[in-house]
Amino acid sequence: MIRLLNNDTGGRWLIGSLLLAIVLIPVLNALPTSSSLHFPTYSVTLLGKYLTLALLALSVDLVWGYLGILTLGHAAFFALGAYAMGMYLMRQIGDRGVYANVELSDFMVFLDWQELPWFWQGFDQFWVAILMVMLVPAVLAFGFGFLAFRSRVSGVYLSIITQAMTYALMLAFYRNEMGLGGNNGLTDFKDILGYSLQSDHTKMALFTASAVALIIGYLLCRFITNSRAGKVVVAIRDAEQRTRFMGYRVENIKLWVFVFSAMLAGVAGALYVPQVGIINPNEFSPLNSIEVLVWVAVGGRATLYGAAMGAILINYAKSYLTVELPEVWLFVLGGLFVFVTLVLPQGVAGLLKRKGTE
Amino acid sequence: MINQWLVNCLSWGLGCLLLVLANLSQAGTFEVVEREQALIKAKFDQKAQIMASWYEADQVQAVHLMQLMLNSQLYYFKQDKRLYQVEDASSGAIARRIHDGGLITLKKKRDIKRVSINNRLRSVFRQRVVETQLSAIKPQDRLAAAEAIIGDTTPELMATIARLRAQEVDASVLAAFDLVLAVATLHSSDEDQQRHSIRLLGESLYPASLNALNGFLLTYPESRLKPMVSKYVEKIKGKVDFYDSLETIYFGLSLGSVLVLAGIGLAITFGVMGVINMAHGELIMIGAYTTYLVQQLMPDHIGLSLLVAVPAAFLVSGAVGILIERGVIRFLYGRPLETLLATFGISLILQQAVRSIFSPLNRSVETPLWMTGVIDINPLLSLTQSRMYIIVFCLTIFLLLLAVMKRTRLGLQVRAVSQNRDMAKSMGVRSEWIDALTFGLGSGVAGVAGVALSQLTNVGPNMGQAYIIDSFMVVVFGGVGNLWGTLVAGLSLGVANKILEPWAGAVLSKVLVLVFIILFIQKRPRGLFPQRGRDAKG
C-alpha cells in the first residue's frame, strides 16, 4: 500500500488527513458544547456528505481524467446506488409509517397497492441492499458501455448520450408507476442496521464509513492507474486508434473501467442517502452530473486527489454561499466553469505541482 | 325602523322614476316595457302569441329571448319587472338586463324569478329559432344551423327544411339539408328511399350520421338493408380513425416544429462549427425575454409587437452570442469537451442574471388574437391555428437559414472555414471574423426560436434548460452539420412522440424516444444523414 503512494504526494496528504479526521473528529465532537474546539454533529454529517461526493468525483476523474470519456451522466449511477440504499432504509421503517403498514411503505399504501412490487423483494436484508448498490449501477454501466464502446461512439456523441441516459432515468423515476416514490422519492428514514439515524453515534459511524470508503476507493483507483492496465487506459485517452492497432482490446478496457467507476459512484450514493435523509429523482438531473465535472476540473484532472479535494472545497463553498448569498452562488459556479477551463486547465493540483517544480 | 323603511321606499321609488324617465328618452321603449311585462304576466298559452308579435316587431331580440327561454336563462327582477339574462341563478351572480345590456349583481336568489315555459312552448320556440337561423343571410350561419339539427328534428322542422331547401343556393348548405332529411327518411317504409338515405348518411362525416345509422341497426334488426348499413358504419369508423391519425400527425408536426426551432440554431453552432454550446437554451430564453420586453413597450399592439420581436430577438441573442464567442469560445477551439464546460458555466451565469433582473417568477407573454382559433377542415378534423403558425414559422426560418448557408457569400465562407480552415484562410477568408459571425447567426436563430416558444410555454429563467437536451438530440439524430437532417429528425421525433403518447403516456413516450435515440446512435454514430468525404470530422 505504501508503494502505491510512492510518487503521490497529494494522495499521501489526502489519506493522511482523512485518517487524522477519523481519529480527531470523534474526540472533538465529544468535547462539551461550550468548548471552542467542539465539533458539532451537524457539521460531522455535512462533512460526511462532502466525503461521499468526493468519492463520486473520484469515480468521474477515473473515467474523464484517465480514460478521456467526458461523462455527463455519472450522477445516474450515484442516484441508483442511493435509491438501492433508500429502498433498504424504507423497508426498515416497518410499521412506523403514517399508515402503519408492516409490508408496504406509505407511498405504496397511498397509491392503493396491495402487495410489495417484485423489485422491492429482499431489500429488507442489508446484504442484498449492499449488493444492489453496486450491482445495479454496474449492470447499467455494462449495458450502456457495451453498446456504446463496441460501436465506437466517442467524444461529444458519447457525452451527449450519457446525458440523455440520465435525463431519461430522471423522467422515468418521476413517474409514480415506477414504484419508487415518484416526485417525492424515498424519505422519512428511521433506522440503519437497527440503529436510529437520529443518534449522534450513528451519524459519527456514517461519517467514519464515508471516510474509510473514500480511502479504499482512492487506493483502488490509484492501484488501477499505477498498474500496467492503467498505462493502457491513459494510452487509450491520448491515442485510441494507435492503442487499438497495438493489439489492445480498447472497448473491453474502457468497459471495465467504466463499470468499476459506476460501482464506485453507486457506493458513494449509498453512503450519501442515510446522511442526507432523502433521495428523489432530482439527483438524476443532468445539472448534477455536470456539477461533478467542475469539482474535478477545479481540483485538477487525472490526479485523483485533486478531484476529491475539489469536491470538498466546492461543496463547502456551495453550502456557505447558498445560505449567505443565494443570489451569488450560480454566478460563482458559472464563473468557476469558465475560469478553470480558460485559465487553469490543470486545476488547483496543477498549480500546486507547478509551484513544487519551480 | 320605520324611518329606515320609508327612506328605502322613497329611494326605490325615485330610482324607478328615474329608470322610467331614462327609458322614456329612448324611442319606442314604451312598447318594449309593455311587451316585457306582458311576457312576465302571461300564462303559458299566451306566451306563444306574445313572442309571435315580438318576432314581428324585432326579430333579432325575439330569437335571442326564445333561445334564453329554451336554455332556462331568462329571468325577471321582481322589483323592476324587467327581463334579465342570468346564467347561474345564485346570490352574487351577474345578471344582464335585456333591453339595454346593463349589468347588476344579484343580492339574493329570491329577487329574481324564471320566465318558465312548457314543452309545447319549447317546440314552438325551437321551431321559430331554428327557422330563423336556417334562413340567415350568411351561408356559413345557415350551414352551422343545419349541422346542429342533424338527427334532432321534429315533423314541423322537416316541413320547414323541405320548404327552405327549394330556395337554397349554397351547395354545402343543401347537402346538410339533405342529411337532415335523410335521417327522417331512414325510417320511411319505401326501401328505395331508405337505401338512398343510407347512402347519403354513409358518405357524410358527421358524428350524428353515424349515430343515425347505428340507431337504424338497433331499430330494424331484421331489415334487408342491414349489411349495407353495417358496411357504411364500418366505413365511417374507418374515416374517423383516419382523421384521428391525421390529427395525431398534425400535433406531432407542430411538436416537431418546436423541436426543430429549438435545435436549428444549434445545428449551426454545434453542427457546422463544432462548438458544444450548452448555453444554447439560454439564448432561446433571451429571445423569449426580448419578446416580453417588446410587448411591455407596446402594450396596445400585441400582434405588431410579436412581429417586432422577431428581428429584435435575433439581434439581442446574436449579440450575446458574439460576445460569448469573442470572450470565451475562441480560446477553446480544438478542445470541444472544454467548450462544453465553459459554455455550461455561461448558461448558469445567464440564468442567474435573468433571475436577478426579472425575478425568478415566470413572465407571461400575450398571444395575439389572430393566432388563436380553429380551422375546420371537415366535421371530424379541425386544426388549431396556433399550431399551424408554429409549423409555418418553423419552415420559414428553416428555409431562410438554408438560403443563407447555401446562397450567400457568408454561407459559402462559413462552410469553407468549417471544412478546411487553413485552406480557407489562404484564400483570403477572415476565419476569426467568420467564426464570430457564424456563432452570432446560430445564437440569433435561437433567439428567434425563443419568440415562438414564448407563445407556447411560460417565459422563465429555467425555460432554456428544458430545451437543451432535446436540441442536442435533434441535431445528433439528424446528423451533425446537416440542416436537412435537423429538419427531418425534429419532425419525425415530434410525430413519434405524439404517436406513442396515447398508449404510453406523455412522460414514458419521451423516455422511449430518448432510449431509441441512444440505441440509434450506437448503430449510426453519425446520425441519419452523416457528412461524407475526406473532411467529415471523425
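Contact here means C-beta atoms, placed from the backbone, within 7 Å of each other.

Two ground rules. The model is predicted: local features need pLDDT of at least 70, side-chain atom pairs count only at pLDDT 80 or more, and totals for chains, interfaces and linings use all residues. Residues are numbered from 1 along each chain as its sequence is written, with chains lettered from A and ligands numbered from 1 in the order in which they are written.

Back to the interface. Nonpolar covers Ala, Val, Leu, Ile, Met, Phe, Trp, Tyr, Cys and Pro; charged covers Asp, Glu, Lys and Arg; the others, Gly among them, are polar.

Next, the strands. β1 (residues 74–77) and β2 (residues 83–86) of chain B run antiparallel, joined by three bridges. Pairing needs at least two DSSP bridges. Y76(B) stands opposite L83(B). The two strands form a hairpin with five residues between them, and K81(B) in the turn has a positive phi of about 55°. On to β3 (residues 94–97) of chain B: three bridges join this strand to β2(B), again antiparallel. Here V86(B) stands opposite A95(B).

Now the helices. α16 (residues 409–419) and α18 (residues 431–454) of chain B pack at about 110°, axes 10 Å apart. Axes are lines fitted to C-alpha atoms over the stretch in contact, and angles run from 0 to 180 degrees between N-to-C directions. The two helices are therefore roughly perpendicular, a label for 65 to 115 degrees; under 35 is roughly parallel, over 145 roughly antiparallel, the rest oblique. Their contact has five nonpolar, three polar and no charged residues. V414(B) and V417(B) are among the α16(B) residues involved, and I434(B) and L437(B) among those of α18(B).

Last, α12 (residues 280–297) of chain B. The axes of α12(B) and α18(B) come within 7 Å and cross at roughly 55°. That makes the pair oblique. This contact has 11 nonpolar, eight polar and no charged residues.

Methods
Helices (H or I, at least four residues) and strands (E, at least two) are DSSP runs, numbered from the N terminus. Two residues are in contact if their C-beta atoms, placed from the backbone, lie within 7 Å.
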